[in-house]
Amino acid sequence: IDSVFYNGIMFLTVATLFCPWLMANGATVTTIVFGVLMGILSVAFQLLYLCAFSKGKMSLTVILNNFSMIIPMAVSLLAFDEPFGLAKAAGTVLALVSFCLIVAREKRGQETEGKNGAAWLILTLLVFLVNGLISVNQKLYAESIDDLQVFEFVAVSYMTAAALSFLILGVLGVREKRFPASGGKSVILSAWLVGLVLGVFQALNTYAASVIPGTVLYSTYNCGTSVLLCVIGR
């Protein structure tokens, strides 16, 4: 319940940040449809990610999730015929091999077994799929509309995500007969700050999907994330 509440505040922050553009300019039907899908997928991703973390090792879950770059890259290549030469193919293979080596190393220290291990694997695969679909949704939106409404798209996405999160929170609260513990001003401030960063990231990522080939964007982003996490971990 507390995690859902935190996510709801985070999503609401993003929606509030970009709502002025939505109110001033409105949104096309295409923007609304893809925005709503983005919001639903964002909530599903966060919930599945939290569940996967609770069942297995966090670092291993994050690393495996980075494999999801394969899904939007495949869509970019097959649906939009974006360039994917020998050098990019070799780079992608090397990136996947490095992920496999890291996973193998992490797996040796993995203590999740039996039912927990099976649940973790299923949840991680679902996280992988949903994360890939989020990127595919952004790519399809960027390619489906001439007049890209980046800020309006992000606003619709996170209005949907916030509404869905608070709906889930209400259902969980009734079922478990308790209210979320806000954790005080520091937790609320943290959710606001994360929401601001998330909003800026999604706006940049949506625009990037319209100007950078997906075969370049998604591999660079995922591999860059892995390198950054390794540096932070060290």
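Guide: E143 is partly exposed, with a relative accessible area of 37%, whereas K139 is buried, at 1%; buried means under 20% relative accessible area, exposed over 50%, and partly exposed in between, with a 1.4 Å probe and protein chains only. This is a predicted model, in which local features need pLDDT of at least 70 and side-chain atom pairs count only at pLDDT 80 or more, while totals for chains, interfaces and linings use all residues. Residues are numbered from 1 along each chain as its sequence is written, and side-chain values use heavy atoms, with hydrogens and water left out.

The side chains of K139 and E143 form a salt bridge, at 3.2 Å from N to O; the term requires a side-chain nitrogen of Lys or Arg within 4 Å of a carboxyl oxygen of Asp or Glu. The structure holds 1 salt bridge. Both residues belong to helix α6 (residues 114-144), 4 residues apart, about one turn of the helix. Helices here are DSSP runs (H or I, at least four residues), numbered from the N terminus.

E152 is buried yet has no salt bridge, and its nearest side chain of opposite charge, K139, is 19 Å away; Lys and Arg count as positive, Asp and Glu as negative, and His and the chain ends are not counted. The side chain of E152 does have a polar contact of 2.8 Å with that of N25. A polar contact is a pair of N or O atoms within 3.5 Å; within protein, one must be able to donate a hydrogen and the other to accept it, and residues adjacent in sequence count only if both atoms are side-chain atoms.

Setting aside residues up to four places away in sequence, E152 touches W21, L22, N25, G26 and T31, where contact means heavy atoms within 4.5 Å. T31 lies in helix α2 and is buried, with a relative accessible area of 0%. Its side chain makes a polar contact of 2.8 Å with the side chain of Q149. Beyond its neighbours within four places in sequence, T31 is in contact with Y141, I145, Q149, E152, F153 and V156.

Definitions and conventions. Helices (H or I, at least four residues) and strands (E, at least two) are DSSP runs, numbered from the N terminus.
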